[in-house]
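Please walk through the backbone and surface details of this structure.

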Amino acid sequence: MPSVTPLNNPRGADPRARIGEIIAAGERVIVGKTHSLKLALTCLLAGGHLLIEDLPGVGKTTLAHLMARVLGLSFQRIQFTSDMLPADVIGVTIYDRDTQQFEFHRGPIFSQVILGDEINRATPRAQSALLEAMEERQVTVDGVSHRLPHPFFVIATQNPTYQIGTFPLPESQLDRFLMRISLGYPDRDAERALLTGQDRRTLLENFPAVIGPEELLEMQQAVGEIHTSSALLDYVQALLEFSRTSPEFATGLSPRAGLGLVQAARAWALLSERDSVMPEDVQRVLPAIAGHRLRAADESQQAHAADLLLQGVPIP
Amino acid sequence: MNHTLAPSSVLPRADHALDRRHIYVLPTRGGFFFAVVCLLVLLGAMNYNNAMAYAVSFLLGAIFVIAIGETWRNLAGLRCLGAAADPVFAGQKARFRVTLDNRAGRERMQLELLMSPPRGGLRRQPRQHTQPFDVDGGAIIHADVMVPAPSRGRLTCPRLCIRTRFPLGLIQAWAYFSPVADCLVYPAPKGDSTLPESMQSASTTAQSGVVQTGNNDFFGLRGYQRGDPLRAVAWKTLARNDQMVVKRFTDAADERLWLSLEQVRALPDLEARLSQLARWVLEAGRHGIAVGMLLGAQRFQPDHDPRHQQVLLRALAEFKL
Amino acid sequence: MNAPARLANIRTGNNHPREVHFLWILGALAMALLPHSLRFSPLLVASFLALAFWRWAAYRRWLPLPDKQHRRLLLTKTLLVITACVAVWVSYRGQSGRDAGVALLMVLVGLKLLELTTTRDFFIATTLGYFLVVTNFLYSQTIPLAAFMLAVITMLTASMVALYGGRHEREPKWILRRTFFIIVQAIPLAVLAFVFFPRIEGPLWGRPMLSEEAQTGLSDEMTPGSISNLTLSDEIAFRVNFNGRIPPAAERYWRGPVLWHTDGRTWRRGSLRDPTTPQVRFQGEPYRYTITQEPSNKRWLYALELPAQIDDDMYLTRDLQLLGRYRMRRRTSFDLISYPRFTIAELTPAEHQLGLQLPEDAHPRARALAMQWQAQAGGDIERLVRIALSHFNRQPFTYTLAPPLLTEDPVDQFLFETRAGFCEHYASSFVVLMRAAGVPARVVTGYQDGELNPVGDYLIVRQQDAHAWAEVWIEGRGWRRVDPTAAVAPERVSDGLEMMMPARGGLRIINDNPATAALWRRIQQTWDATNHRWNQWVLGFSPARQQMLMRELGLGDIDRSVLAGVMMAAIGATLLLLSLSIQRSSVRERDPVRSAYREFCRRLARIGIQRVPHEGPLDFAARVARLREDLAAPVAEITGSYIDIRYANGNGRDAVAAFRRQVSRFRPRTLAVP
């Protein structure tokens, strides 16, 4: 392996030391999904929100719950339904007869990790309430702003859109999720482990936190200190440009996607215990970042859109 | 390695840079002519022992040699990023928009896209090529190639040839590339049968069971008919005008039409049937009728979305291929 | 680099050449015709211009073109072609084939202008233009013309570039820049071909159709005034490069036609028909030199008295005149060795008889004088000669370029009345006097002296250096040269005629001032030196000279086929270099780190492990390690250095140098199959 110079952390505590622990802990719950787990963690470290798109029952909820548990964060689950109102997410202002005042009752969104289950079942109004909160990191009810906790991390799950009775998220909303991943079916060994092992939920109930919110914030800060060379930025720019100019894509990557790509690549580099970003880091995170933003001109190629992009751009 | 997981299906793909091995160079008709002239001058120079005639002959020869390099250079290093084409109907011409990447190169002059290789030597050139075009240095440009699409299905982009004769027309350099692209060819909309009767929608419409609100586009008002859902009634209008009208939303189609191969059994072959269906789909789209289709095992719910029409046409194009 | 993709600028109009292209080709053709327009009838030039105007007016839609839509005009064009051909045939009938050919070509080019529609027509017109360039060289091959023709070729090439100029077709600057780029690259290649392409001595077929026009120069007849006319011409007769010593002015006698027969006024060569070469004994130090003779259209050559060693295609006549086998139709160089001192022992009876020939009843007074001298000398011929020379010296004879006209017996009139004449007067009357005294004598014409050009260190001999002198037979000593002109005007022989005449050309104001006159002279000398070199090395680059150059280059006597091979190899090498430079330029890497990494990848590619363009360095290293465990360590080391420099902050000169060393040491081998 290439030499790795130690990360220069002024506080002494090396957050990278904990990363291995976090992943190891996660692997005990979600078997055989290391890549997805790492991507989810990357997304969190990069300060973005995560969209998990997959069939019911493959462990989306478990992954979200796990993230909250392992990182020692408060966790709320919002099960979206078609009759859900924005107030059900954000909270309501209720007139308190005792105090003779309007009092804001915080909704489930006031939590460090939110699991928005089956977000595409909700009406667009309810969806937008959540998404606006994700972007602003605060909610405004009756003219009063309420700050959301920090760190704030939304994991939304979505059923594949072809299922009946869904409101697929519009593209503008999709852009607010830094990453979209899918878990997929477990492989043979993982399946066997799931079948024979302890019930996941019970396991999670008693799962110890590996780090706390403080440490998480430190790690997020460390992500920002990962070095990006001009050669690497050249590569990222070439990717963005190609996605916009190549006839293979109907829609290219937005500037926001570009920012997210660099940030996520930094987080991935941190996870890979490097202090500078390599083209490989960009390549690893790009499918998760570009998958829901990039539209292949040929619809049959949509599933491979990110690969088409990666293969089309030589590393300068 | 920390990251053992490689990006999925990263297969080496042909790089479309036109390099030394891929560029062919031959004199044009004019080039042969020029070479003959050069030789004649040389013979004359020998006969008359004329030093300056020798010099002219050698200079012309040298210009010829330099033209080889110049023409070559005009093409070398150009990359083809690929091609794409919008769907067309059979019988039309597919317009493949080829993207050429000249970011690494200087200005290139007088490029031509050909569908068949240029004829070297003394034969005349076929006339099927684009007009010559110039490419700025450091630019990416598109050039269109029209390819006849005779039958429905997927038309693969043919092997294309990019050719240049710049700067002197003595030499032509060309290179082949096969962009990985195909064009969806819908069946030609043909057939004389009139559109089958559409059904009025029942109140059990919305599969979702959800009232169309919010983002659904308000489409217009229509007089109340027995069976219209009560929630679609425009109550405010009723209050004002005492008229029973219902709001129409684009999502909530009232007229629905189911098309299937059964309806076109009378036609002689599959192609004719598909053509008839394609024509109906277009006609229905013009009349704002939501069309659904049963095509073999495939079932498409009626919808108004223009993209839906493309889905149907696409299904027709790819049916049993 | 963020330029958005745009649709190619595809021209909507057809791809046919248009007016702008026509103007280019018209300009180029007009330039090619310009030197001819001074040689040919103005009618020819005018008709060319008229045809050009017609075509241009058609572009402007003022006039129709003779095409399928205008059948009557088509007929007109056919008539024009026929008329033109007939006109050329009629006007140039019986004249040199060259003029007729060139005139026909000019007419054809003019008519081709009318037909310019397709790219192909333009091509043909350009090609005819190149032919026109060559025809110019049939008339003259001077430096200024060559330079001008280079400009014409550039213009013709530029008109081709304009045809493929695309969006730049209306930017003459751009077109010329591209053309210069091509021409500048082509010239070294052409020079190489010029030097090394195996030359063949022509003609390949037929006689070259060269100028039959009279050339100024000596003829084989001499009448009073024929040589003095020549002295008005500063045309160059020949140039001489000496290999070693240069003879003093008094020894520079360039021997030409020897005249034996006189009818009293005119001297001719006479009827000496003896093919044998005389036995000559040479003495003293020889001069080695190369003569480059201008075309004279005569067979005789000029050589310093007396050539001992000559080339195969020339011979020495009985009366010691050097003759070539053919007429001198073009500038020719030949190497000679001459001895200034020589003796010839024998005089044949025929020579003796010819040497005493005098017309009956002519020159009575001269004969009388000769008889008187003969008595004085008493058989001593040398004394007789001295008496004669002293006569010229003592009597008031003058040397003049403008002698009075001789109407009666020219010899008597000159000797006893006018006493003013030029070298031919002195030479001829001296010979008459000798013959009358019973001494065999003959007139020798040629050139004397010549101007030494300090710039090129060679001698220029002009027509004005034409001279005539006498030779007398002295028993036991052979033919001796006697120059009676020297007795009258010794400076004519020692200093040459130059001093007696005003400087050639130039304005009075320049010639009057010694300083400017010297400068002017210097300029003229430099220019002549340039021309001489041009003539010798470019125009006179013959097969022999090529062989000589090869020898000088140490290539020895190379076979012609080998030379052709060398030539082909040179062209091949040029092509290869060109293609390499193309490849280089497309993947040229300025960044040493990237180029070193590229080299690293190239080395791995050689053993079959090719990096995919979008494969990151770490992925590539991992793949290499999987494929070849033995290479894992060095590859990881190199990759580590590379990413340190390129993607981390490890950029330093030392780091770069170390990295490049690592790469240069990395030499992977393919695994031997067990």
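Asp335(C) is partly exposed, with a relative accessible area of 44%; this figure comes from a predicted model. A residue counts as buried under 20% and as exposed over 50%, so the value of 44% for Asp335(C) falls in between. Asp335(C) belongs to strand S12 of chain C, which covers residues 332-338. On the surface, Asp335(C) is part of a patch of negative charge, together with Asp311(C), Asp312(C) and Asp313(C). Membership of such a patch requires over 30% relative accessible area, and Asp335(C), at 44%, is therefore open enough to qualify.

The backbone of chain C also has a cis peptide bond, between Glu305(C) and Leu306(C), with omega about 0 degrees. Leu306(C) sits in the loop that links strand S8 (303-304) to strand S9 (307-309) of chain C. Chain A has a cis bond too: the one from His150(A) to Pro151(A), where omega is near -5 degrees.

Positive phi values are the next backbone feature. Glu118(A) has a relative accessible area of 18%, and because the limit for a buried residue is under 20%, Glu118(A) counts as buried.

In chain C, His363(C) likewise has a positive phi, near 50 degrees, and is not a glycine. The loop that holds His363(C) runs between helix H9 (349-354) and helix H10 (364-377) of chain C. Is His363(C) buried or exposed? With a relative accessible area of 0%, His363(C) is buried.

How many disulfides does a search of the whole structure find? The search over all chains gives zero. A disulfide would need a pair of cysteine sulfur atoms within 2.5 Å, and no such pair turns up in any chain. Cys157(B) has a relative accessible area of 6% and is buried. Cys601(C), at 11% relative accessibility, is buried as well. Both values are under 20%, which is why Cys157(B) and Cys601(C) are classed in this way.

Notes:
Residues are numbered from 1 along each chain as its sequence is written. Chains are lettered from A and ligands numbered from 1 in the order in which they are written. This is a predicted model: local features need pLDDT of at least 70, side-chain atom pairs count only at pLDDT 80 or more; totals for chains, interfaces and linings use all residues. Side-chain values use heavy atoms; hydrogens and water are left out. Helices (H or I, at least four residues) and strands (E, at least two) are DSSP runs, numbered from the N terminus. Buried means under 20% relative accessible area, exposed over 50%, partly exposed in between (1.4 Å probe, protein chains only). Patches are made of residues with over 30% relative accessible area and no salt bridge: like charges are joined within 9 Å, nonpolar side chains (Val, Leu, Ile, Met, Phe, Trp, Tyr) within 5 Å. Accessible areas come from the Shrake-Rupley method with a 1.4 Å probe; for residues, only the protein chains shown count as cover. A salt bridge is a side-chain nitrogen of Lys or Arg within 4 Å of a carboxyl oxygen of Asp or Glu. Lys and Arg count as positive and Asp and Glu as negative; His and the chain ends are not counted. The place of a charge is taken as NZ of Lys, CZ of Arg, CG of Asp or CD of Glu.
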